[in-house]
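The report below takes up one interface, a ligand site and a few local backbone features. Please read it with the sequence and the coordinates open.

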Amino acid sequence: MSRLNIELPGLNLKNPIMPASGCFGFGREYSQFYDLSKLGAIMIKATTVEPRFGNLTPRVAETSSGMLNAIGLQNPGLDKVVSNELPWLSQYDVPIIANVAGSIEEDYIEVAAQISKVPNVHALELNISCPNVKTGGIAFGTIPEVAKQLTRKVKEVSEVPVYVKLSPNVTNIVEMAKAVEAGGADGLTMINTLVGMRLDLKTGKPILANRTGGLSGPAIKPVALRMIYEVSQAVNIPIIGMGGIESAEDVIEFFYAGASAVAVGTANFVDPFVCPAIIDELPSLLDQLGYEHISECRGRSWQEHGQLANHRA
Amino acid sequence: MSRLNIELPGLNLKNPIMPASGCFGFGREYSQFYDLSKLGAIMIKATTVEPRFGNLTPRVAETSSGMLNAIGLQNPGLDKVVSNELPWLSQYDVPIIANVAGSIEEDYIEVAAQISKVPNVHALELNISCPNVKTGGIAFGTIPEVAKQLTRKVKEVSEVPVYVKLSPNVTNIVEMAKAVEAGGADGLTMINTLVGMRLDLKTGKPILANRTGGLSGPAIKPVALRMIYEVSQAVNIPIIGMGGIESAEDVIEFFYAGASAVAVGTANFVDPFVCPAIIDELPSLLDQLGYEHISECRGRSWQEHGQLANHRA
Amino acid sequence: MIKKELCKIISQEEIANDIFQLTVSADFVNEINAPGQFVHIKVGKGLDPLLRRPISISSVDKRNSQFTMIYRKEGKGTTLLAEKGPGMLLDILGPLGNGFPVNEVKPEETALLVGGGIGVPPLYELSKQLTSKGVKVIHVLGFQTESAVFYEKEFLEYGNTYIATVDGSYGKKGFVTDIIKELEFDCLYTCGPTPMLKAIEKQYSHKKVFLSLEERMGCGVGACFACVCKTSNELEDVSYKKVCSDGPVFRAGEVLI
Amino acid sequence: MIKKELCKIISQEEIANDIFQLTVSADFVNEINAPGQFVHIKVGKGLDPLLRRPISISSVDKRNSQFTMIYRKEGKGTTLLAEKGPGMLLDILGPLGNGFPVNEVKPEETALLVGGGIGVPPLYELSKQLTSKGVKVIHVLGFQTESAVFYEKEFLEYGNTYIATVDGSYGKKGFVTDIIKELEFDCLYTCGPTPMLKAIEKQYSHKKVFLSLEERMGCGVGACFACVCKTSNELEDVSYKKVCSDGPVFRAGEVLI
Ligand SMILES: Cc1cc2nc3c(=O)[nH]c(=O)nc-3n(C[C@H](O)[C@H](O)[C@H](O)COP(=O)(O)OP(=O)(O)OC[C@H]3O[C@@H](n4cnc5c(N)ncnc54)[C@H](O)[C@@H]3O)c2cc1C
Ligand SMILES: Cc1cc2nc3c(=O)[nH]c(=O)nc-3n(C[C@H](O)[C@H](O)[C@H](O)COP(=O)(O)OP(=O)(O)OC[C@H]3O[C@@H](n4cnc5c(N)ncnc54)[C@H](O)[C@@H]3O)c2cc1C
Ligand SMILES: Cc1cc2nc3c(=O)[nH]c(=O)nc-3n(C[C@H](O)[C@H](O)[C@H](O)COP(=O)(O)O)c2cc1C
Ligand SMILES: Cc1cc2nc3c(=O)[nH]c(=O)nc-3n(C[C@H](O)[C@H](O)[C@H](O)COP(=O)(O)O)c2cc1C
Ligand code: FES
Ligand code: FES
């Protein structure tokens, strides 16, 4: 009946729209604006074993059609997330995807083991791609073999399916994707931010205290689409796509490229209602384009017309 | 006396502003708008041994604050460039930087050997980073050892200094930069375009006939700045910076990051007068910021204040 | 000479469903030398959208230093353009390209002007100039549906005007190619969707035909190689043409479409 | 409740050099609960600029469902904002954050309001509310130079008003901190550049002081962790505060500035 429901490993999504990790906290703030049960899922802020304060401020800088952030994985730590945030979120009928981060392998494993036991956590998102932490993080996301090992170890302890979040800051994204697939990943989420920088005109110094930061927003959409296009043809696991999405049209474009669901990050800051607005707009956009179900859009950019199960009439 | 002149290997620039390769043809079109002698230099369109038609159309697609192109190195070929285009350009008092491209090593070597003999060609720009050609091109730009070898061989035959144009589509830009420096490069130009894609909402297919294309324009500026920031601290050769520049402020930001001169690409399409406009605006911007000469801005983002020769009073 | 000018909007009006007629004043009207030339418009002041939009000149009023364009509200750029009102300034680059050669047909001869949808506008100035030279003109204009039809009356002033709509809601049902089969002419000028141009080129390979092409553009002035098409004669010295600076009007057979 | 509303611009005026006073009508004025709260404004419709801009509420007119802001034309966003005129719509998110606690000072007591530059505006509504409660207010306002001075007359209506300019072109030459040394008060409220806030915090560590902080923001609602500051007590349960949702006003000593 629904035209938007999507089944993915561990995730029974009423619609394929979810806020991206780090752009929605643990949901509390946006619950002031609308009923979180409306969302397909929620990707919560990265969680580490210990609480983290993150980087010094300024932590954000604007760029043309984008923004840089260098939050540095600030979060209240595993215990608090498990004891406060997730129970609070359980009042909503929405699956949670827990973003798991760390500096060393053991960190990831511990967070994954614990957080995957929480009932409303339906999947993990392994954050091997945060550009804003100095140790560990970034290397996991750029060396295929390291990413594969980490995925395997996390899979061993996780009680729910594991999605691996890929960094776009690599020469060969397909190689990375295949490595984590070989490591047992149930799905991919992509893309994380591109490493970027802005300088202050008056001082000549970096605007961000961390100097560099992660570029997100519409500026990176073409890069995200290209990577999803390449990866979706090379792996057999689903992709949750993200990078600059701000409209229902963008969602369809990501599906065409090969995504099976999408996440919305930066756009929440511009319009706190962007996720429900997109969800509401999708059915009429599907009508306009002649699709019965959103899944018909998936991979159209590379599928032969014959290959499509439900081809547009 | 001038506040904008810059000396770089092979290049005595009256100002550090030049149109980027591929965004200015061979200068003829823009000579309708202003006297090309006003420019610091001109980076001409990539030249290959044989004439090339390039990719099918559509070859451009718009993105948020950027554009994708997949021209495919269309050019009239080495002979025509040497016999028609360069002599025509010699009427202007402006050094030419010849962008050298090819599919195999021998191509680069042949173009470099021939074109570097032309009197108004003051430097070469080795294009090892074009994302829109199927063979060769991209690999040269992503494997350090290959890039180094190519640089070395081109250096052997070139009669003018060689700048190597780096691709941003790599995991480790510093490694690439160091490799070509070790190969003998006299300078670097960076960045070329990021590989990206757009899909047509109605058909679901890629907008570009070539499917993917190179992302340029303000959207990529933060990535360019970050890479120049990293590379300028790691090498001892100068960088001509580019990627999204459209104003005098942008130029200063690139200098702060570590560039010694800059190129303007996409912005020429938006405003054909953008280069002379920037050149005219720079002196008053320098006044406003308190610099005597634009070179004082170079590398301010990473230099200790003490290190600067001409520190702001 | 191509100029970049901040042009004041004189009027803007929706003349059919999503079809807007926009008149601006510009010093560079004196530089316009043929019907079918176009301009490149920066729709907003900031970076969104980034690129200029190519729009044909549909009529020129040199006395008042004004020219008119007709465009369809399609995507982001034209939607923003449609929101502008009189008095506002538009950053326009123009005139660009080479237009229809009016001297290819002699007084008393018959010119057939065939337009499809948003390819119709440049034919209007062409019709004006041909008739003022004493050429007999016939117009065949194709549209999707009744609500998309525009300028029938205006064209009628200069000559016979046949209208076709794809759904038959107005004029003759079908394509312009169905109508022109039955018409006699000395020279054909056409602008519209590529399939229409192809059909016409094929049908009249023995006739004098001029086509106006469309292609996605970067610079609009010939510098970026975005808008090229192959020339028919692969042996020619230069085997491609740029729609923006060599075209948009080509003689049929000159380029591959 | 935070609302997102398309607010109509009632008036906009340049009241000092590059300083603009902007009044809009908004249903959400009823939700404003303290002076010092702010709003987050989407300056343009498209993507340029992308992020909202935080601007303080400088006075509230609940009867007419209007509120006023005063801002300095600085960069891209505020420059675009300054071009808007009456009747235009602005996408505003608000009210945001926690403002100055007016109940921390009793009637007949003295409140010292210290503002620097563009930190002055929120103090105006604060002054209104304090005086209407019977609190005695003294204002000390610092500006760069004469041409940047604004609202002296308006503040004078509510209490003594001292002006300092850095270059001495108006009022007393120097910084606000020079002036306040000589004043007596029960509670100090301040908003302005960080060095000023630091100096005040240090000077009056024994007094009741409330500071309004500024930080670059992403979401403005507490979700993105862009705008955090450390709390002074590292042992506390949560060792940080968010300027946007816990602040922008903090009690001196509560956070590290
Ligand atoms: C020489 C020439 C003359 C033209 N004259 C007219 C005219 O008189 N009236 C009219 O309505 N239209 C005309 N067009 C088409 C017009 O340029 C497009 O409709 C317009 O660019 C669409 O912009 P958008 O922002 O609304 O669409 P979007 O889809 O948002 O545009 C995205 C990008 O694609 C480009 N694009 C999209 N469609 C076209 C197209 N059909 N041709 C070229 N580029 C396109 C845009 O310029 C832009 O760069 C002409 C095109 C050319 C090349
Ligand atoms: C809680 C709060 C209340 C404020 N109230 C006022 C006010 O009442 N009047 C006023 O004139 N200014 C106020 N400011 C500062 C105001 O937000 C900035 O001047 C404005 O964002 C600059 O935007 P711009 O586009 O002109 O500058 P740009 O430099 O182009 O802005 C680029 C980016 O940096 C951010 N930014 C730049 N400067 C600041 C700053 N000082 N603080 C926070 N972000 C900044 C912008 O929001 C934007 O994201 C307030 C700031 C905060 C945090
Ligand atoms: C402020 C901010 C914080 C983020 N924090 C995280 C994070 O904690 N974990 C993570 O995996 N991604 C994080 N991201 C990346 C986003 O989840 C997303 O991958 C990226 O922003 C691209 O999507 P967008 O363009 O829609 O924002 C963060 C992004 C932003 C802007
Ligand atoms: C249409 C187009 C064609 C280009 N052709 C070339 C080329 O032939 N050789 C080259 O090295 N770079 C080429 N580039 C890349 C530019 O020189 C430049 O590196 C890039 O566009 C980033 O700068 P920008 O953002 O200012 O455009 C091209 C870019 C564009 C937009
Ligand atoms: S649009 Fe650039 S060459 Fe035609
Ligand atoms: S701005 Fe996002 S938490 Fe304060």
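How many residues of chain A are in contact with chain B? The contact involves 44 residues of chain A and 44 residues of chain B, where contact means heavy atoms within 4.5 Å. This is a predicted model, in which local features need pLDDT of at least 70 and side-chain atom pairs count only at pLDDT 80 or more, while totals for chains, interfaces and linings use all residues. Residues are numbered from 1 along each chain as its sequence is written, chains are lettered from A and ligands numbered from 1 in the order in which they are written, and side-chain values use heavy atoms, with hydrogens and water left out.

**The interface of chains A and B**

The size of an interface is often given as the accessible area lost when the parts come together. Between chain A and chain B the buried area (the accessible area, with a 1.4 Å probe, that two parts lose on being put together, summed over both) is about 3,500 Å², and carbon and sulfur atoms give 60% of it. In chain A, the residues that lose the most area to chain B are Thr171(A), Met197(A) and Leu201(A), which together account for 17% of what that side buries.

The rule for a salt bridge (a side-chain nitrogen of Lys or Arg within 4 Å of a carboxyl oxygen of Asp or Glu) finds two across this interface; the side chains of Glu253(A) and Arg198(B) meet in a salt bridge, at 2.6 Å from N to O. Polar contacts (pairs of N or O atoms within 3.5 Å; within protein, one must be able to donate a hydrogen and the other to accept it, and residues adjacent in sequence count only if both atoms are side-chain atoms) join 20 residue pairs between chain A and chain B, with both residues at pLDDT 80 or more. Helices (H or I, at least four residues) and strands (E, at least two) are DSSP runs, numbered from the N terminus.

**Ligand 2 and chain D**

| Residue and atom | Atom of ligand 2 | Distance |
|---|---|---|
| Pro54(D), backbone N or O | oxygen | 2.6 Å |
| Glu214(D), polar side-chain atom | nitrogen | 2.8 Å |
| Arg216(D), polar side-chain atom | oxygen | 2.8 Å |

**Local backbone features**

A cis peptide bond with omega of about 10 degrees joins Met190(A) and Ile191(A), and Ile191(A) lies in the loop between strands E10 (187–190) and E11 (194–196) of chain A. The bond from Gly94(C) to Pro95(C) is also cis, with omega near -10 degrees, and Pro95(C) is placed in strand E7 (residues 89–96) of chain C.

Glu108(C), which is not a glycine, has a positive phi near 80 degrees; this residue counts as exposed (over 50% relative accessible area, with buried under 20% and partly exposed in between, for a 1.4 Å probe and protein chains only) because its relative accessibility is 69%. Phe225(D) likewise has a positive phi, of about 60 degrees, but counts as buried at 4% relative accessibility.
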